[in-house]
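Reader: I'd like to learn how to read the holes inside a fold, and then how strands line up. Can you walk me through both?

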Amino acid sequence: MLANGYTENIPAIFTDEKHSLFLKSIAYQLEDIRNDQNRNKEGLKNEITTLNERQLQLKNKNAELEEQKKELEARKAKEIEELKACNSRRIGELEAKLAEERDTYAKAVESNTLLAKSVGVFQAELRTERIAYYSLAEAVHAWEATLKQSLHGKLVKLAARLPFRLMGRSMRGMGRPPLKFSIVTPSFNSGTSIEHAIKSVLDQKYASFEHIIVDGGSKDGTLDILKRYPHLKWVSEPDRGQVHAMTKGFHMATGDVVGYLNADDYYSDEAFITVAKAFDPDTAAVFGKVKVYSERKGKWWTNDPRTDFASVLRHWEGNSFCVNPVGYFCRREVCKAIPYREKNGAKHDLAFLIELSLRYQGKLKKIDKILGVFISGMNTQTGREIHKAGYWTAENFSFIDEFLATQPEEFQMEFRKAQAEGYAKLEKYNK
């Protein structure tokens, strides 16, 4: 008999023993299912109880965290208030210190303004005295020249026709006056730099000089600067370029020694005195060093030029020649014998130096002093041309041929080979 009376409603057709066993099996399976359900219910109850306990624990933990949060917020608010108070005190101290420094600065500015005015007045007075001194020296020089011409006219005219060495001997007993320097500056729209060049001449502390400026018709304020210096000889009118201006300036010059100073460049201190001392009676030109600033490379270097013909001819080599006229001074008669040629364009100075080294070998003196500063700009004619492809070719320096032709054939062949190699390297660099 099965438990719980599962056999009570079994039909008669299943009362035989085989079917009875089948039914008993089903009854047992149902009993097992029921027991499993009861066990599952009990397990679920236990899990629910555990979850409820866990939920209570979490609730208590959240309450603790909330309490801690409130404590932290209160502490943070307190620290912020303390920090604000500290910052307020610090800001007040800084503002007081700043006000004190501003007051000190204002007093310093006022003092510097007064000092600057005093310095300006002093410089103006000094400049006026200096110009008066130069004018007086110019007048004395002219008076001496007139006096000597009236007393020794024939002797002076005769000495002028003699070589430098003989002329010096003939005038030695006469007490030769100091050499007069004629400085020629070509200019065009040079308002940003020309005043520095003018002052570098004035600051030479050399009495006998004249500064000639040939301007090409500037429109940038250059002329306003020139008008501030009454000692200048200047003209402003259209010209054919730099070489034309230099030639015009030379024809205005009256000095014994001629120097060319570009508007962007300037002389070093005591350059005139040093050069004047170096000029012997048989010296045709005096060369020094040049401090060069390359705008392209952004750095300084010193040009220490050679003066012999063979070196100057190899102009592509470093320091083979003086790269700017701020570094040399020539006697007036030398400049007259070797004029700058407009046809040579930006290479006019190289052609001049090659011919000078050829015609006056042994009469060029080199001194160990930086005579001036050359600003090598990228916007100059030379600066634009020298880095173009096709610049370094023999055809571009054809003026060399006439000087090279004066040399032995062996020298010419050796030079042409070196020239081709040197030009090729530089041309490769340009590309």
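Author: Helix H9 (residues 348–359) contributes the most to the lining of the largest cavity, with 3 residues. Helices (H or I, at least four residues) and strands (E, at least two) are DSSP runs, numbered from the N terminus. This is a predicted model, where local features need pLDDT of at least 70, side-chain atom pairs count only at pLDDT 80 or more, and totals for chains, interfaces and linings use all residues. Residues are numbered from 1 along each chain as its sequence is written, and side-chain values use heavy atoms, with hydrogens and water left out.

Reader: What lines the largest cavity?

Author: A cavity is a set of points on a 1 Å grid over the protein atoms alone where a 1.4 Å probe fits but cannot get out; lining residues have an atom within 4 Å of a point. Here the lining includes Phe 287, Arg 306, Leu 353 and Leu 356. The volume, the space filled by probe spheres set on the points (joined across faces, edges and corners), is about 50 Å³.

Reader: How many cavities of 30 Å³ or more are there?

Author: The count is 2.

Reader: In which sense do S2 and S3 pair?

Author: Strands pair if DSSP finds at least two bridges between them. Strand S2 (residues 209–215) and strand S3 (residues 233–236) are parallel over 4 bridges, with Ile 213 opposite Trp 234 in S3.

Definitions and conventions:
On a 1 Å grid over the protein atoms alone, a cavity is a set of points where a 1.4 Å probe fits but cannot get out, and a pocket is an open set with protein on both sides within 12 Å along at least five of seven lines; lining residues have an atom within 4 Å of a point.
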